[in-house]
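Dear colleague,

Please find below the sequence and the structure that I am handing over to you. My findings follow directly after it.

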Amino acid sequence: MQTSVTPDAISAVLSNPSFDSSSSDRSEIVVQVVDLKPIGNRYTFSANDGKTRVKAMFTASLTPEIISGNIQNLGLIRLLDFTVNDISSNSTKYFLVTKCESVASVLDSEVNLEGGEAKRQKLDHSPKQEFVAKSASQIITEQRGNAAPAARMSMTRRVHPLVSLNPYQGSWTIKVRVTNKGVMRNYKNARGEGCVFNVELTDEEGTQIQAAMFNDAARKFYDRFQLGKVYYISRGSLKLANKQFKTVQNDYEMTLNENSEVEEASDEEMFVPETKFNFVPIEELGMYVNQKELIDLIGVVQSVSPTMSIRRRTDNEMIPKRDITLADESKKTVVVSLWNNLATGIGQELLDMADKSPVIAIKSLKVGDFQGVSLSTISRSNVVINPESPEAKKLKSWYDSEGKETSMSSIGSGMSPSAKNGSWSMYADRVPLSQITSNLSLGEDKPVFFSTRGYISFIKPDQTMWYQACKTCSKKVTEAMDSGYWCESCQKKDEECSLRYIMVVKVSDSTGEAWFSSFNDEAEKIIGCSADELNKLRSEAGEVNEFQTKLKEATWSSHVFRISVTQNEYNSEKRQRITVKAVAPVDFAAESRLLLQDISKKNTSAASH
């Protein structure tokens, strides 16, 4: 086992801006980890070669190695793959380590070769190995003097994995395949008009990122980017991804401008990206119904339908569709609709092998509310039959041993077929109020969804219960100077407006209570009339206050709620916000079935112990 650092390695790397850590002719680089500290889900440290120290960071993929103790403070590691980046504020260099291995146990102190030895154990004083690091120009001259532009780009700059990119890096080059290409869209906003299009890029490791191009860049690169081809890309910028619009699992999104470099890797070795999945169990699909977030699913094929032809509403075109039913270890089933080429291609393949109960993994599915819960493929969906993954092997083993003899039920069973009344997922993820209010960190990263049953215990009569809204778009309006109401969204004036609810109600159950924010459609079901009607009752004079009576009638009524939980900041203090997404009357037959299921689960659990 090597017990010494590589002398002068850091200085050699820093003095050669074209150094390639993954080159086959590089010398071995062993450094000591000093000042190891956690920052978020990553760790920073100082890399020490006995004479020089440089700031460094491990990528998140190496965090398990640190937690397990394989990489420790004052230990020695061999750098197998890393990049040299700039800290933008002061141009200081730092190492971003993407691959390394531990080579020695922890030393008692920091290695200092100026003193001749490391504390605790003598260092290897064999003749110093010369550090060879050829410049990019030398490599090109020696190997490919007349390389194509894409090849020159790949050789003059080291190719970075997508997982290593961040907004604070200097120059970088990535090698990616275009796995989805959007259409050119025109937009108009307060800053003017323009055009934009997006592509989804995937590298060899399966990491994805979304790249956007606007105006001149969009027109320049729209024809150049072709679906399925591999490109070298550099001179782009990164920023935190907008969670509302992102379509891939990446914290960052890329923007390319007219000065960005995009070269097709036609003369380079091609690759097929490894598809990475983030599977959602079938029994948890209820919380994703009608949400913008796409999901990945793995399941055993139970049945495959023949191909059907469906007429599309937008253009009356007939498009092929095929339904498949999938099951997983939650003993639930769900119907997935394959559309277009997936229906006629992979769908036919699945039909031919349906009797063998294959396992399939599908990436990027849209969750709808047909028959409670339903799934549909979209243009960028990817289907893999019998994938070589631990999840697939585990699922197949379960199905062969017990699953095929197990009684399955649809995830949509027990839910109301009317999705619009909000009861489509009221029984998929039911929780008591105390489970929400006791966990104050719920919804920090993204909204989380639950269903709950409770009573309206209090409605503040003096709160602002509605706002003046445009009759066309329902956005807020302001009173015009002369008369009528002005809608900023529609850019027009109307003589009348409508009132729309925006109010809070206190909801209670046997475990606790919480304030729910409710908007127009949901509030109408709670109050029992529209905001305009309630406003008229409040303005009426008389001995009996009909307004107060209406609020009392709504109090202590029982409902089933579909809610989202998020975090809002108010006066520099984070607060939990619970919003009603749907409300429905209690279906006592369905409630009884839910209670019987809970009793059955508890009895089974008790028997197993």
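The buried residues of helix α12 pack against strand β21 (448-459) and against helices α10 (520-527) and α11 (531-539). Please note that this is a predicted model. Helix α12 spans residues 546-554, and its buried residues are Phe547, Leu551 and Ala554. Viewed down the axis of α12, these buried residues fall within an arc of 60°, so they line one face of the helix. Lys552 and Glu553, on the other side of α12, are exposed.

Both ends of this helix deserve a remark. At the start of α12, a side-chain oxygen of Asn545 comes to within 3.0 Å of the backbone nitrogen of Phe547. After α12 comes Trp556, which has a positive phi, near 65°.

In soluble globular proteins, nonpolar side chains tend to be buried together. The largest nonpolar core in this model has 31 residues, and those with the most contacts inside it are Ile459, Tyr501, Phe516, Ile527, Leu534 and Phe561. Strand β26 (residues 498-509) contributes the largest share of this core, 5 residues. Apart from this core lies another, of 27 residues, which includes Val336, Leu350, Ile360 and Val383.

Neighbours within four places in sequence aside, Ile527 is in contact with Ile459, Tyr501, Met503, Leu534, Lys550, Leu551 and Ala554. Of these contacts, Leu551 and Ala554 are among the buried residues of α12.

How many disulfides does the structure hold? The number is 0. Cys490 is in no disulfide, and the nearest cysteine sulfur, that of Cys473, is 3.6 Å away; a disulfide would require the two sulfur atoms to be within 2.5 Å. Cys490 is partly exposed, because its relative accessibility is 28%. For Cys497, the closest cysteine sulfur is in Cys470, at 9.3 Å, which is too far for a bond. Cys497 has a relative accessible area of 17% and is therefore buried.

Finally, there is a buried serine to report. Ser364 lies in strand β18 (residues 359-368), and its relative accessible area is 9%. Not counting residues up to four places away in sequence, Ser364 touches Leu294, Ile295, Asp296, Ile378, Arg380 and Ser381.

With kind regards

Technical notes. Residues are numbered from 1 along each chain as its sequence is written. This is a predicted model: local features need pLDDT of at least 70, side-chain atom pairs count only at pLDDT 80 or more; totals for chains, interfaces and linings use all residues. Side-chain values use heavy atoms; hydrogens and water are left out. A nonpolar core is a set of buried Ala, Val, Leu, Ile, Met, Phe, Trp, Tyr and Cys residues joined through side-chain atoms within 4.5 Å. Buried means under 20% relative accessible area, exposed over 50%, partly exposed in between (1.4 Å probe, protein chains only). Helices (H or I, at least four residues) and strands (E, at least two) are DSSP runs, numbered from the N terminus. Contact means heavy atoms within 4.5 Å. The arc is that of the directions from the helix axis to the C-beta atoms. A polar contact is a pair of N or O atoms within 3.5 Å; within protein, one must be able to donate a hydrogen and the other to accept it, and residues adjacent in sequence count only if both atoms are side-chain atoms.
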